[in-house]
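Please read the following report alongside the sequence and the coordinates. It covers the overall fold, the packing of helices, and a few individual residues.

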Amino acid sequence: MYAVFKRELFSFLSSMVAYITIGIFLLVSGLLLWFFPDTSILDYGYAELSGFFSLVPYLFMFLIPAITMRSFAEERREGTYELLVTRPIHIWQIVVAKYLASLVLVLFALIPTVVYYYSISKLGFPEGNIDSGSVIGSYIGLFLLGAAFTAIGLFSSALTKNQVIAFVICAALCAFSFLGFDYTSQIAAFQPIESTITNLGINQHYTSISRGVLDTRDLIYFITFSVLFLLFTKLIIGGKR
């Protein structure tokens with residue numbers, strides 16, 4: 001399992017795709033946070049990162065599909081998929097190893113954004129006037145959101161050998177799981193169960209954690225969501241095997 005994890009991670013790091021994808025993510029998030037008037041923290045006037053944490057989920061809908069689209073699709077396209085699944089290793093171990101490798105890349109993309117927290121802390125009046133607890137909770141929420149989207153990405157990559165199709169499927173599923181339930185709950189026919197439908201979506205739980213409150217129900221939701229899509233991936237890989 002470690003060998004698959006290491007191979008997957010280094011194959012990402014040895015290609016320009018990972019660097020370009022993460023670079024674009026950091027560039028866009030930096031421009032949105034500091035330069036664009038409608039979202040600039042400098043024009044906002046308050047020492048907080050709530051705007052950043054509300055924008056990143058939408059960037060994740062493109063960053064994570066770009067990272068995960070090659071996980072199984074490229075294996076099948078290049079003919080190494082058969083070699084991988086016939087090795088003396090359980091399918092579940094292959095899925096988890098690839099999942100962890102992709103999740104490490106998502107973490108690599110998030111770590112440089114800690115500079116934003118440090119900068120705003122220094123720019124605050126008085127210095128350090130920022131709610132650190134809320135920021136820590138929001139970063140935990142982002143990591144859990146990334147974990148959920150990565151599981152969706154792995155599932156999408158297992159469906160096809162075409163990386164572009166895998167990207168589109170992943171982006172669509174991420175968008176629906178984050179926003180779809182909120183919009184569905186607004187339909188008149190679903191008004192009696194509006195809160196139930198909203199709780200099924202990721203946005204509700206991500207927003208809850210972003211307030212700095214770690215509720216066990218939110219943690220269980222993200223873990224269950226990720227495991228469920230990893231299980232779907234295992235079933236697809238097992239069927240094709």
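**Overall composition**

The model is predicted. Its secondary structure amounts to 13 helices and zero strands, so that, read from the N terminus, the order of elements is α-α-α-α-α-α-α-α-α-α-α-α-α, as the definition of helices and strands applied here gives it. Of the 241 residues of the protein, 47% count as buried. Among contacts between residues at least 6 apart in sequence, 76% join residues at least 24 apart.

**Transmembrane annotation**

An unreviewed UniProt entry lists residues 12-35, 55-73, 94-118, 138-157, 164-181 and 219-237 under "transmembrane region". Two of the spans listed there are described in the model as follows. Residues 55-73 are 79% helix and 0% strand, and the C-alpha atoms at the ends of this span lie 29 Å apart. Residues 138-157 are 100% helix and 0% strand, with end C-alpha atoms 28 Å apart.

Two packed helices are described by the angle between their axes and the distance between the axes.

| Helix pair | Angle | Axis distance |
|---|---|---|
| α4 (residues 50-68) and α7 (residues 91-110) | about 140° | 10 Å |
| α1 (residues 2-13) and α7 | about 35° | 8 Å |

For α4 and α7, the angle is about 140°. That makes α4 oblique to α7. The crossing of α4 with α7 is right-handed. On the α4 side, the residues in contact are Phe60, Leu63, Ile64, Ile67 and Thr68; on the α7 side they are Ser102, Leu105, Val106, Ala109 and Leu110. By type, the residues of this contact comprise eight nonpolar, two polar and no charged.

What is the handedness of the crossing of α1 with α7? It is right-handed. From α1, the residues Val4, Phe5, Arg7, Glu8, Leu9, Phe12 and Leu13 take part, and they meet Ile94, Ala97, Lys98, Leu100, Ala101, Ser102, Val104 and Leu105 of α7. The residues of the contact of α1 with α7 divide into 11 nonpolar, one polar and three charged.

**Ile91**

Ile91 also belongs to helix α7. Its relative accessible area is 10%, and because buried means under 20%, Ile91 counts as buried. Ile91 and Gly238 are 147 residues apart in sequence, yet their C-alpha atoms are 6.8 Å apart in space.

**Ser156**

Is Ser156 buried or exposed? Ser156 is buried, with a relative accessible area of 0%. Ser156 is part of helix α9 (residues 132-159). Apart from neighbours within four places in sequence, Ser156 is in contact with Ala166, Ile169, Cys170 and Leu173. The record's list of transmembrane regions includes residues 138-157 and 164-181.

**Helix α12**

Why is helix α12 described as largely enclosed by the rest of the structure? Seven of the nine residues of α12 (residues 202-210) are buried, so this helix is largely enclosed. The buried residues in α12 are Ile202, Asn203, His205, Tyr206, Ser208, Ile209 and Ser210.

Notes:
Residues are numbered from 1 along each chain as its sequence is written. This is a predicted model: local features need pLDDT of at least 70, side-chain atom pairs count only at pLDDT 80 or more; totals for chains, interfaces and linings use all residues. Side-chain values use heavy atoms; hydrogens and water are left out. Axes are lines fitted to C-alpha atoms, for helices over the stretch in contact, and angles run from 0 to 180 degrees between N-to-C directions. Helices (H or I, at least four residues) and strands (E, at least two) are DSSP runs, numbered from the N terminus. Angles under 35 degrees count as roughly parallel, over 145 as roughly antiparallel, 65 to 115 as roughly perpendicular and the rest as oblique. A crossing is left-handed if the near helix is turned anticlockwise from the far one by less than a right angle, and right-handed if clockwise. Contact means heavy atoms within 4.5 Å. Ala, Val, Leu, Ile, Met, Phe, Trp, Tyr, Cys and Pro count as nonpolar, Asp, Glu, Lys and Arg as charged, and the others, Gly among them, as polar. UniProt positions are given in the numbering used here, feature names are shortened, and annotations may be inferred rather than shown by experiment. Buried means under 20% relative accessible area, exposed over 50%, partly exposed in between (1.4 Å probe, protein chains only).
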